[in-house]
Amino acid sequence: MKSIDVDPGTLPAVDVERPGIVLSKRAQSMQASPLRKLAALAEARKRQGIKVYHLNIGQPDLPTHPLVFETIRNLKLETIAYAPSNGMPLAVQAWKKYFSHVGISFEESEIIVTAGGSEAIIFAMSAICDAEDEIIVFEPFYTNYNGFATLSNVRLRPIPLSIENGFHLPPRASIEEQIKERTKGILICNPSNPTGTIFTRSELETLVSIVREHDLYLLADEVYREFAYEAPFTSIMDFPVIHDRAILLDSTSKRFNVCGARVGVLASHNKEIVQAAFRFAMARLSVATIEQLALVPLLNDPQAVVPSLVEEFRRRRDVVYEGLAAIPGVTFYKPEGAFYIVIGLPIRDADHFSRWLVEEFAVEKETVLLAPAQGFYASAGKGTNEVRLAFMLNCSDLERSLKIIAAGLEQYKEKFQ
Ligand SMILES: Cc1ncc(COP(=O)(O)O)c(C=O)c1O
């Protein structure tokens, strides 16, 4: 698994050899975070007195809204008991209300509260696929989809998107070509991590028509729904013709800036899917009681938090977009949403460049940590000259970081190309 959206933490290396005892193929094929080494290099550099700007992770740098902590302080619990497996009634009702705020109508019986959007995605994959079945994804994609697929014993079939058209969908025929006998669904991330692209209504119409014609499910990861800066965002739930095959995967993590609370949701009008997710949920008993309750006020009234957060990220997106225009040779587009951008660099090996930046380069004792984009692709050789930037710093730090990248590129090209 390539997990590069959170600090992956570290465990001691395992060097015990026990002949005859082997791990499962699943365990062996699960990759560790490719950023782990880069993050370790950044820590080493900091110890040398160099400031490192982190542009690599998807954890917002802003404080969580005080209402969340206030709610926790005011809880009157005698016991921290298991919550119902489908979610605490108050949390389920609050999700229903949240969805109604964004124009989506669900019954409470169509909602399963999950441990983050991550668990919702695993439940959805497991509900629609048998071992070795396939789900189509568009690459570059959120790297943990690899891990979720490995855990669920599902194969991802990537369809490449290109930076030149801002990572929008390819023609219908190129998508249909990849539908094979074992394809069970198409998973989209909209707005996208890592590209910031938002699929237009007409692109979604194409997908809706494809899943109907080929009898597939459409899974939509809409955890960045509100982070839409250009045009109004269209959800897959806006297409009643696929009410029986649309599965919505969502989370409080990003829009409420509560990544550590681990509260997400799977919702669908397809009762069989919801029942299947409910049974998966029963096996893991419940989602954390306190966090579910802590987020009820924000789900009931998302406007209290979301607009100001979105505006902050819009400002950052604009700073990054304008900053990139001043760097010769980079390929970029204007991200329509989320808080990421994938940029093409005028060099061959973005991994080597990122490593060199954090290990050797500095401008006035400051450098940056980037996420090489190769980790977001499944196809070999894709994204080798690309990096993903996450807008997790304030505007002036972002401006400074882009200047460091520009200076780094100039020096790197002289040195290595
Ligand atoms: C596109 C996307 N989907 C899902 C997740 C999982 O989020 P969580 O499990 O915190 O809800 C993330 C986290 O970064 C993400 O970027």
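Welcome! Start by colouring the two parts given by the domain assignment: domain 1 (25–63 + 305–416) and domain 2 (66–304). Keep in mind as you look around that this is a predicted model.

**Stop one: the two domains.** Now turn to where they meet. Here 36 residues of domain 1 are in contact with 36 residues of domain 2.

**Stop two: domain 1's side of the meeting place.** Select α1 (25–29), α12 (306–325), β9 (340–344) and β12 (386–390), the elements that each give two or more residues to the side of domain 1 that touches domain 2. Which of them gives the largest share? Click on α12, which supplies 7 residues. Next, colour this side of domain 1 by residue type: you will find 20 nonpolar, 9 polar and 7 charged residues.

**Stop three: the largest nonpolar core.** This core has 125 residues. To find your way in, select Trp 95, Ala 124, Met 125, Leu 218, Leu 266 and Leu 295, the residues with the most contacts inside it. Then highlight helix α5 (residues 116–128), which gives the most to this core, with 8 residues. Why does the core lie between the two domains? Domain 1 and domain 2 both give residues to it, so it sits between them.

**Last stop: Leu 218.** Zoom in on Leu 218 and leave aside residues up to four places away in sequence; the residues it touches are then Gly 185, Ile 186, Leu 207, Val 208, Val 211, Ile 236, Ile 242, Arg 245 and Ala 246.

How values were computed:
Residues numbered from 1 in each chain as written. Predicted model: local features only at pLDDT ≥ 70, side-chain atom pairs only at ≥ 80, totals over all residues. Core = buried A, V, L, I, M, F, W, Y, C linked by C-beta atoms within 7 Å. Buried ≥ 20, exposed ≤ 12 C-beta atoms within 10 Å, placed from the backbone. Helix = DSSP H or I, 4+ residues; strand = E, 2+ residues; numbered from the N terminus. Domains from an automatic or database assignment. Contact = placed C-beta atoms within 7 Å. Nonpolar A, V, L, I, M, F, W, Y, C, P; charged D, E, K, R; others polar.
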